[in-house]
Amino acid sequence: MSEDNSAQEVGPGSTAPEPAKSGGKPPMSKERKQQARRRVLRTILLTGGVLGAAISGYLPLAYAQKQRLRPPGALDEKDFLSSCIKCGQCVQVCPVQAIKLADLVDGFGVGVPYIDARAQACDFSCDAVQCILACPTGSLTYHKPEFLPVRPGAALAAKPILIAKEKDPEPTLNMHERIGVARLTRPESCLAIQGKGFKGQARGPNFKGEMRYMDVDRWKPIKIADHPYDVPECDLCVRECPIKGAISIETVFAPNGTQRKSPVVHEPCVGCGVCEMICPVEPAAIEIVSREVWRS
Amino acid sequence: MSAGLKRRFWDQIKVMLGRDPSRPIVAEIAPQAQVMHHYKRGNRDLIAEKLHARAHAEHKNTWRNRRWITLILANLLFVISFQFDIQILEGALTASRLIGFHAVDLNSGLQVILAHKHIIVNLVIGMTTMLVFWMLFGGRAFCSWLCPYHLLAEWAEKIHLYLVKKKLVTDQPMDRRLRSVFWLIFALLALLTGYTVYESISPTGILSRALIYGPGLALLWVAALLVFEVFFSRRAWCRYACPIGLTYGVVGILSPLRILYRLEGCFHEGDCRKVCLVPHVLDTVIKGRAVGAEVPIGPDCTRCGLCVDTCPTGSLKFDVKGLSKLM
C-alpha cells in the first residue's frame with residue numbers, strides 16, 4: 001500500500017476546511033468541497049443529538065410529581081443535584097442498604113442517591129449517619145455551609161436523640177435538618193385508629209427490608225420478616241421509631257366527636273421513614289412527605 | 001529543545017483542541033533529521049528492506065493485553081470492593097476512596113465545582129491527588145487504561161472496521177473541534193443551570209455505576225452511542241465528544257510518560273495511524289514531517305500502546321522523559 005493512500009485513509013479531520021487559511025493553499029476540488037460540507041452537516045447533527053440528549057435530562061425534573069426522599073444530611077434538592085458527584089459511596093456504607101441510585105428516568109438526577117422508605121427505610125443502625133461521612137462533595141453534610149439558607153421548619157429544634165443509643169454518653173445524631181416529615185396520609189386504614197391489634201410479620205414473609213432490633217443485636221440488622229409481632233393494639237410505628245419523642249399514640253377526637261386512639265407525629269421527626277416501612281397495612285397508613293417542613 | 005520541537009509542542013496543544021496538524025517548515029527540521037529524510041528519499045535498498053520487514057512482521061498484542069488487564073482489574077476492584085465489602089477501592093470512577101484516600105475524577109470534580117459554586121476540602125484533596133497522578137502517568141492514559149467505555153468502544157470499533165472492510169458501512173468523520181466546543185458548552189451548562197448536565201450522559205460514569213451498583217436504563221444511552229460508532233462514525237464519542245478526554249489531555253501536556261517516535265528505522269507505512277484512536281498525533285510519522293530524530297507524541301495521545309504493538313520496526317516506544325539521561 002502506498003504512503004499516499006494510507007495518509008488519506010487515516011485521520012478524521014485531516015481534510016478539514018479552514019477558510020481563514022485557505023489563502024495559501026491550492027483551491028479545493030468540487031468533490032472535496034462537498035465532502036467538507038457534508039462533514040460540517042454531520043458535525044452539527046452530532047452536536048444537536050448529544051446536546052438534545054443532555055438537555056432532555058431536565059424534563060424529569062420539570063415534570064416530577066413527587067420529590068425523592070434523599071439520604072440524611074442532604075442539601076436542598078437543587079443544591080443536592082448540583083453537588084452530588086454520583087459515586088455511590090453513601091450506598092456502600094449503609095448497613096441496611098437503604099440508599100439506592102436513581103436511573104435514567106430521573107434525568108439530571110441519574111446516579112443520585114435516594115431512599116424508598118416503604119421498601120427499606122433508614123433506621124440509623126449505623127449510629128453515626130455514615131452516608132454523610134462517606135460523601136466526598138458535601139452533598140450530604142453535617143453542617144450546611146453558611147451561604148445556603150435553611151428553609152423555615154426544616155431545622156430541627158434540637159439534635160435528635162437516637163433511642164438505640166440513649167444510654168451512650170452521646171445519645172444524639174449529628175443532624176440539624178429533617179429530610180421529611182411523617183404524615184398519617186390514610187387514617188381510615190390505620191389499625192390503631194380502628195382499635196385493632198396486629199399479629200404476625202409486619203410486612204409478610206417475603207419482605208426483604210431489614211432493621212436493627214436492640215434486643216436482638218445492636219450491630220447486626222435482621223430482616224423484619226424474622227421478627228414477628230403480637231400486639232393487642234397496633235403501635236408498630238411508635239414502637240419502632242428510632243428517634244426519641246418523634247411519634248406517639250394519643251387519644252384524639254374523631255370528626256364525629258367520639259374519642260379514639262391515633263398515632264401523632266411530633267416535632268423531633270426527622271423523616272427517616274421507619275414508620276412507613278413497618279406499617280402493616282397495604283398501602284401504608286403513614287408515609288414520609290419528603291422535603292416537608294415542620295408546621296405546628 | 002530545538003526550535004522545531006518547541007513549535008511542535010505548542011502546535012500539538014492546538015491539534016488537541018481540534019486544529020489540523022501542519023507541515024513543518026524545512027528550516028525547523030533538525031539537521032540530523034534532514035539527513036535521515038534525505039537518505040530515505042527514493043532509496044531502493046530501503047524499499048527492499050521494507051518489503052522484507054513487512055513479510056516477516058509478526059503481530060503483537062503485548063501492550064494491548066497489559067492495558068486490557070489493567071482496565072478490567074481496576075474496574076473489577078471497584079466491583080469487588082463493594083460486593084465483598086473489602087473496602088480497597090470504594091465508590092465509582094467519578095469519585096472514590098483508595099484505601100481511605102480520596103480520589104476524584106478531574107472532569108466530574110470540575111463539573112460539580114462549576115455547578116455548585118462551592119468547594120469543599122475533600123473534593124480538593126481528591127482532585128489534587130488525581131491531578132498529580134495523571135500528570136505523572138500520562139493524562140489521557142486515563143482513557144485507555146481505566147475508562148470502561150473505552151474498552152467497549154474498542155470492541156465496537158473492531159466490528160465497525162470489519163463492516164468497513166466488507167464495504168457495508170463507511171466511516172463518517174466529524175470536525176474534531178467539536179470536542180472543545182462540547183467541553184465549553186458543558187462547562188457553561190454546569191455554571192449556568194447549576195446542574196452537572198454532562199454527568200447525566202457521561203458513558204464513563206454510567207458504565208462505572210452500572211458495573212458496581214447494577215445495570216439500569218441509562219445503559220440504553222451507552223448502547224446507542226456504541227451502535228452509532230459501529231454503523232456510522234468510528235470511535236465518535238472518544239474522538240469528537242468526550243470532555244473527559246480533553247480534561248485529561250490538558251493534564252497530560254507536561255507528563256513525562258509518553259510515546260517517543262524515532263525517525264531512523266521508520267518505513268513511513270502508516271500502520272500506526274490506522275490503529276490509532278487519535279491519528280492526528282501521529283502526523284510526525286508521515287514521510288518528511290519529523291522535525292527531529294526523536295519526536296515525542298503530543299498530549300492528545302492516550303498512551304494505549306496500539307502503535308507500539310503495530311510498528312514493525314520498533315520506531316514507536318513508550319518513554320519516560322529524562323529517564324534515559326538519568327540511567
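**Figure 1. An open sheet of three strands in chain B of this predicted model.** The strand order is 1-2-3, and the pairing is antiparallel. Strand 1 (89–92) and strand 3 (101–104) of chain B are the edge strands. Each of these edge strands pairs on one side only. From one strand to the next, the twist averages 15 degrees. Strands of a sheet pair through backbone hydrogen bonds, in either a parallel or an antiparallel way.

**Figure 2. Strand 1 beside strand 2 of chain B.** Strand 2 of chain B covers residues 95–98. Four bridges join strand 1 to strand 2, and the two run antiparallel. Which residue of strand 2 stands opposite B:Ala92? Look for B:Ala95.

**Figure 3. Helix 6 of chain B packs on the sheet.** This helix spans residues 121–136. Helix 6 touches strand 2 and strand 3 of chain B. The direction of helix 6 makes about 75 degrees with that of strand 3.

**Figure 4. Helix 4 of chain B packs with helix 10 of chain B.** Helix 4 runs over residues 62–83, and helix 10 over residues 203–213. Their axes lie 8 Å apart, at an angle of about 40 degrees. Helix 4 and helix 10 of chain B are therefore oblique to each other. Their crossing is right-handed. Which residues meet here? Helix 4 brings B:Asn75, B:Phe78, B:Val79 and B:Phe82. Helix 10 brings B:Ser208, B:Leu211 and B:Ile212. By class, this contact has five nonpolar residues, two polar residues and no charged ones.

Figure 5. The domain assignment gives domain 1 as 3–56 + 256–322, and domain 2 as 72–250. Taken over C-alpha atoms, the centres of domain 1 and domain 2 are separated by 28 Å.

**Figure 6. Strand 4 of chain B pairs with strand 6 and with strand 5.** Strand 6 of chain B covers residues 316–320. Strand 4 and strand 6 pair in the antiparallel sense over five bridges. Here B:Ile259 stands opposite B:Phe318 in strand 6. Strand 5 of chain B covers residues 294–296. Three bridges join strand 4 to strand 5, and these two also run antiparallel. B:Leu260 stands opposite B:Pro296 in strand 5 of chain B. In a regular strand, side chains alternate between the two faces of the sheet.

**Figure 7. Chain A in contact with chain B.** Chain A gives 45 residues to the contact, and chain B gives 58 residues. Which helices of chain A each supply at least two residues of the side that touches chain B? They are helix 1 (3–9), helix 2 (30–55), helix 4 (77–83) and helix 5 (89–93) of chain A. Helix 2 of chain A gives the most to this side, with 10 residues. By class, the side of chain A that touches chain B has 21 nonpolar, 16 polar and eight charged residues.

Methods: Residues numbered from 1 in each chain as written. Chains lettered and ligands numbered in written order. Predicted model: local features only at pLDDT ≥ 70, side-chain atom pairs only at ≥ 80, totals over all residues. Contact = placed C-beta atoms within 7 Å. Nonpolar A, V, L, I, M, F, W, Y, C, P; charged D, E, K, R; others polar. Pairing = 2+ DSSP bridges. Axes fitted to C-alpha atoms, helices over the stretch in contact; angles between N-to-C directions. Parallel < 35°, antiparallel > 145°, perpendicular 65-115°, else oblique. Left-handed = near helix turned anticlockwise from the far one by under 90°. Domains from an automatic or database assignment.
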